[in-house]
Amino acid sequence: MTKYSDEFQQFWKAWPGRYNSDSQQTIKVGKYQAYAEWQRLSADDKETVMQLVKSGRLKSRGTKYLPDAYRWLNKRRWEDF
């Protein structure tokens, strides 16, 4: 079992996930891959990401087309905000 850092666990908990209209639930996938990307980020990038995710701005745009956390981190999508 992978031990995730507390900092990453906070990110994962705050991550809104993707809304699935079929099941009418929000789902999160790719935790392990997201953690690998998280470890590659600088401390400044991690802080920026956490501020954005906790602010609710991602959720306010809608999560139907939100990529999973791994792709969002890998492609530095927080820079689009």
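Me: How many residues does the largest nonpolar core have?
Reply: This is a predicted model; local features need pLDDT of at least 70, side-chain atom pairs count only at pLDDT 80 or more, and totals for chains, interfaces and linings use all residues. Residues are numbered from 1 along each chain as its sequence is written, and side-chain values use heavy atoms, without hydrogens and water. A nonpolar core joins buried (under 20% relative accessible area, 1.4 Å probe, protein chains only) Ala, Val, Leu, Ile, Met, Phe, Trp, Tyr and Cys through side-chain atoms within 4.5 Å. Phe8, Phe11, Trp15, Trp38, Val49, Trp72 and Leu73 have the most contacts inside the largest one, and its residue count is 19.

Me: Which helix gives the most to this core?
Reply: Helices are DSSP runs (H or I, at least four residues), numbered from the N terminus. Helix 1 (6-14), helix 2 (31-40), helix 3 (43-55) and helix 5 (69-74) each give two or more residues. The most, four residues, come from helix 3.

Me: Are the rings of Tyr4 and Phe8 stacked, edge-to-face or tilted?
Reply: Rings of Phe, Tyr and Trp (its six-membered ring) pair if their centres lie within 6.5 Å; planes under 30 degrees apart are stacked, over 60 edge-to-face, the rest tilted. The whole structure holds 10 such pairs. For Tyr4 and Phe8 the centres are 5.5 Å apart and the planes at 35°, so this pair is tilted.

Me: Is Lys46 buried or exposed?
Reply: Lys46 sits in helix 3. Beyond four places in sequence, Lys46 has contacts (heavy atoms within 4.5 Å) with Glu7, Trp38 and Leu41. Its relative accessible area is 14%, so Lys46 is buried.

Methods: Buried < 20%, exposed > 50% of the residue type's maximum accessible area, 1.4 Å probe, protein only.
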